[in-house]
Amino acid sequence: MEAASISSRVIASGIETTSRPAFSLPGAFDAVEAVVNGDRALEWARVSGGVQEHWPTIEYVLERATIHANRIYSKGYVGQFLLKNPVVTDNARQTPVRFEKAVLSTNYVSSREFGHWVRDSLVTELHAEAEGVPSVAIAREPWPHEAEFRALTGLDCAYPEHATIDRLVVLDDRGHNDHWRERFRTLRARTRASVATQPGQSAGPLVFLSRGAHASPRDPTNATEIEAALALAGFRSVVPSALSVREVGVALRDAALIVSVEGSNLNHLHFFAPEGVALVCLQDPRRFYAYHKGLMDLYDGRFGFIVGQPDQHAADRYGVDIEALMRTIDLAR
């Protein structure tokens, strides 16, 4: 990016913060066999609390950039983005759309994962909105809940298959510095305000946030038994994939304690649950991931976890001890 840009500058400094530890049963992290990003020390630092470092936000400017399908060209350099949902038509040979200046909404993962789109891309678009500059993104088919999230947040973005941009701003926006935090909180305030007075009944204070039937490889093998035990304890199930975004928002607006499997479904919690909500996150021992704790810290949420055990009868699957889950829930309370 530095080589392709005509200029770069730090628009928000990196910061250090202090976070409280996650809650879990004694020795819970010892059951972790592998982590998603390969950095066990990072995941331990996230859940153990203490001083956390957050990177700066850096603005790069590309001059006379061209977007063509899933690539960006500038100064002889090419950036390619992998897409989970590429467009089904090919209009890239048409006359390109021209922008004098724009901010790129897409990053390397937001074009492939819904969770990164709804966080990273929309937070970036808030920067563009504040600057009075349009947002552009690599063309793809929309995520199932994308149109509704845009309606709730009031954010818009162009998805041209072929475009030329005189000055394209690309942000290295990975750090949760003060600028990022302010935009994330703004985004969360907009979504919560949009459902605050919507008709419908919330799921109440105790919620099991389900990934839905399509997510069985990520779910514990005893998911049915877990859901039944939680129902007996007063939890109500919410399945975001089966609801509209507004219905999800209404369901979660009074939540005080949420149980859920780790995954992109947790983003609904970030945008609609109240301040101070507690989460018990069910973790696969071979793909532990506590990134979401850092987001919950931004609205005084309390992050807890329980690590499952490999299922001897199902390759690459795991189960969760229900009695241990209930004791972890007691810690949350």
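Me: What must DSSP find for two strands to pair?
Reply: In this predicted model, two strands count as a pair if DSSP finds a number of bridges between them, and that number is at least two.

Me: Which residue is the bridge partner of Leu209 in β11?
Reply: Strand β10 (residues 206-209) and β11 run parallel and are joined by three bridges. In β11, the residue across from Leu209 in such a bridge is Val238.

Me: Which residue in β9 stands opposite Lys101?
Reply: Strand β7 (residues 97-104) runs parallel to strand β9 (residues 162-172), and six bridges join them. Opposite Lys101, the residue in β9 is Arg167.

Me: Which residue in β8 stands opposite Val103?
Reply: β7 also pairs with strand β8 (residues 135-136), in the parallel sense and over two bridges. Opposite Val103, the residue in β8 is Ser135.

Me: Are α3 and α4 roughly parallel or roughly perpendicular to each other?
Reply: Helix α3 (residues 146-153) and helix α4 (residues 178-195) have axes 8 Å apart and pack at an angle of about 95°. Angles of 65 to 115 degrees count as roughly perpendicular. The two helices, α3 and α4, are therefore roughly perpendicular.

Me: How many residues of the contact of α3 with α4 are charged?
Reply: Phe149, Leu152 and Thr153 of α3 meet Leu187, Arg190, Thr191 and Ser194 of α4. By class, three residues of this contact are nonpolar and three polar, and the number charged is one.

Me: Which element gives the most to the lining of the second largest pocket?
Reply: This pocket has a volume of about 810 Å³. Its lining has 28 residues, and the closest to its centre are Phe114, Gly115, Arg211, Ser264 and Asn265. Two or more residues come from each of α2 (114-131) and α7 (266-272). With four residues, the element that gives the most is α2.

Me: How many charged residues are in the lining of the second largest pocket?
Reply: By class, the lining of this pocket has seven nonpolar and 13 polar residues, and the charged ones number eight.

Me: Which elements give two or more residues to the lining of the largest cavity?
Reply: The largest cavity has a volume of about 50 Å³. Its lining is made by Glu59, Lys101, Val103, His127, Glu131, Val133 and Val169. The elements that give two or more of these residues are β7 and α2.

Me: How many residues in the lining of the second largest cavity are charged?
Reply: The second largest cavity has a volume of about 30 Å³. It is lined by Arg218, Val261, Glu262, Leu282, Gln283, Asp284, Arg287 and Tyr318. Three of these are nonpolar and one is polar, and the charged ones number four.

Methods:
Residues numbered from 1 in each chain as written. Predicted model: local features only at pLDDT ≥ 70, side-chain atom pairs only at ≥ 80, totals over all residues. Heavy atoms only, no water. 1 Å grid on protein atoms, 1.4 Å probe; cavity = no way out; pocket = protein on both sides within 12 Å on 5 of 7 lines; lining within 4 Å. Points joined across faces, edges and corners; volume = space filled by probe spheres on them. Nonpolar A, V, L, I, M, F, W, Y, C, P; charged D, E, K, R; others polar. Axes fitted to C-alpha atoms, helices over the stretch in contact; angles between N-to-C directions. Parallel < 35°, antiparallel > 145°, perpendicular 65-115°, else oblique. Contact = heavy atoms within 4.5 Å.
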